[in-house]
Amino acid sequence: MIQSDLSLLQFKKRFASERACEGALEKLRWPDGFVCPKCKHVKASRIATRRLLQCSKCRHQVSLTAGTIFHKTRTPLLKWFWAIYLAGQDKGGVSALRLAKQLELGYKTAWLMLHKIRKAMAQRDSDYTLSGFIEMDDAFFGGAAKGRRGRGAANKTPVLVMVESQGEKAGFIAMRTLENMQKDQVDQAVEGWIAPNQSIRTDGHKSFLHLDALGHRHDGTPVPPQKASEDLHWVHIAISNAKRFLLGTYHGVSHKHLQLYLDEFCYRFNRRSWEKQITLRLLTACIFATPVTYAELKG
Ligand SMILES: [Zn+2]
C-alpha cells in the first residue's frame, strides 16, 4: 500500500529511482496484484528496460504504461512523478518554463507533460455533477484589457461558472468556456455539469431565463452590484480566484487552451480539503486517464 500523505522528503525517498516509480505504477494499476489478461496467471517478471511485465506462465507481455498518460513517453517516470508532485502541490500551478528548469527538460516536453496532467485532471472532474444549491454566473476571461469590459466585450471568452453553495462554504465547482452566451451553449454546459432538478441562483441575465425549462428551480432575482458579494458570494470568489491563478502563473492564456487551465484550477479547488493526499490522487488520475497526443492537445 502506498502511503497517501506525502511530504516532499517522503516523496523524494519513496520515488527515488526509475525502478521505484515503475513499482508504484504497477501497484496502482494492479492493487490486488498482477493478473495476466491472457491466461489469468498471477505471476510476472518485470522487463525494466522496456517498462514491460511478462507473464511467468504464457510469456504474454503487458506494458506498464499502456492506457496511462505516460504511454510511449521517452521522459523517465521519475521526472513524470516529480511533475505530478509539483503540479499538485503548488496552489498557483507550475508553469512549463519553471518545470523545464527544475526537471531539466526541454520547454516543449514540459509543456506537453503539464497539458497531459491537466487533461487527466479534467477527466477526473468530468465524473462529477453539481447538486444542491448552485450559484451560477458568466465571467469573461482573457483578451486585451482595452475596450468594453464584461458581457459583450470583444476578444474575451465567456465562461460559465457554477458553484455548489453550502452556506458557510463552497462545495464542488465547474467552469466551462462557451462560444457565446446563447441558450444552446448554456443549456449544454448546464446539462453536462449539473444533476437534474437542482436549485440554481443567478443574477437573472437573459441567458439564464430558461433554466426552469431544463427542470431546475431557478431564482433569477436581479442582483444589484452592491449586493453581488452576498447574493452570489461563492461564484464571485471562484471567478476572482481563477483570474488571479491565470494571471499569476501563466500570465493569461489563449482562448484555445483556456478550458484546460480552468480544469486545472477547478481540480485543485475541488480537492482543497484533501491537500495532503493530492499527489497520490493526481498520480492515480494520470494512470487512469485516457492518453492524449501532442496533436490533440495543440488543437
Ligand atoms: Zn499469461
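Which handedness does the crossing have where α3 passes α5?

1. **The model and the opening question.** This is a predicted model. In it, α3 passes α5 in a right-handed crossing. The two axes come within 10 Å and cross at roughly 60 degrees. Angles of 65 to 115 degrees would count as roughly perpendicular. The pair α3 and α5 is therefore oblique.

2. **What α3 and α5 bring to the contact.** From α3 come Trp80, Ala83, Ile84 and Ala87, which meet Met113, Leu114 and Ile117 of α5. Sorted by class, this contact has 7 nonpolar residues, no polar ones and no charged ones.

3. **The core.** The largest nonpolar core has 70 residues. Ala83, Ile84, Ile117, Val161, Met162 and Cys286 touch the most other members. Helix α3, residues 77-89, gives this core its largest share, 8 residues. Look at Ile117 in particular. Leaving out residues up to four places away in sequence, Ile117 touches Ala83, Ile84, Ala87 and Cys286.

4. **Helix α4 against α5.** Two packed helices are described by the angle between their axes and the distance between the axes. Helix α4 covers residues 96-103, and helix α5 covers residues 107-125. They pack at an angle of about 115 degrees, with axes 8 Å apart. The crossing of α4 and α5 is right-handed. On the α4 side are Ala96, Leu97, Leu99, Ala100 and Leu103. On the α5 side are Tyr107, Ala110, Trp111 and Leu114. The residues of this contact divide into 9 nonpolar, no polar and no charged.

5. **Helix α9 against α5.** Helix α9 spans residues 255-270. The axes of α5 and α9 come within 8 Å and cross at roughly 60 degrees. These helices are therefore oblique to each other. Here α5 passes α9 in a left-handed crossing. His115, Arg118, Lys119, Met121, Ala122, Arg124 and Asp125 of α5 take part. Their partners in α9 are Leu260, Asp263, Glu264, Cys266, Tyr267 and Asn270. By class, the contact of α5 with α9 has 5 nonpolar, 2 polar and 6 charged residues.

6. **Leu262.** Is Leu262 buried or exposed? A residue counts as buried if 20 or more other C-beta atoms lie within 10 Å of its own. Leu262 has 25 C-beta neighbours inside 10 Å, so it counts as buried. This residue is found in helix α9. Leu262 touches Val159, Met175, Thr177 and Ala242, not counting residues up to four places away in sequence.

7. **Lys40.** Check the backbone here. Lys40 is not a glycine, yet it has a positive phi of about 70 degrees. It lies in the loop between α2 (18-29) and β1 (44-47). Lys40 has 10 C-beta neighbours inside 10 Å, so it counts as exposed.

8. **Asn197.** Where does Asn197 sit? Its place is in the loop between α6 (183-193) and β7 (199-201). Asn197 has a positive phi, near 60 degrees, and is a residue other than glycine. With 10 C-beta neighbours inside 10 Å, Asn197 counts as exposed.

Technical notes: Residues numbered from 1 in each chain as written. Predicted model: local features only at pLDDT ≥ 70, side-chain atom pairs only at ≥ 80, totals over all residues. Axes fitted to C-alpha atoms, helices over the stretch in contact; angles between N-to-C directions. Helix = DSSP H or I, 4+ residues; strand = E, 2+ residues; numbered from the N terminus. Left-handed = near helix turned anticlockwise from the far one by under 90°. Contact = placed C-beta atoms within 7 Å. Nonpolar A, V, L, I, M, F, W, Y, C, P; charged D, E, K, R; others polar. Core = buried A, V, L, I, M, F, W, Y, C linked by C-beta atoms within 7 Å. Buried ≥ 20, exposed ≤ 12 C-beta atoms within 10 Å, placed from the backbone. Parallel < 35°, antiparallel > 145°, perpendicular 65-115°, else oblique.
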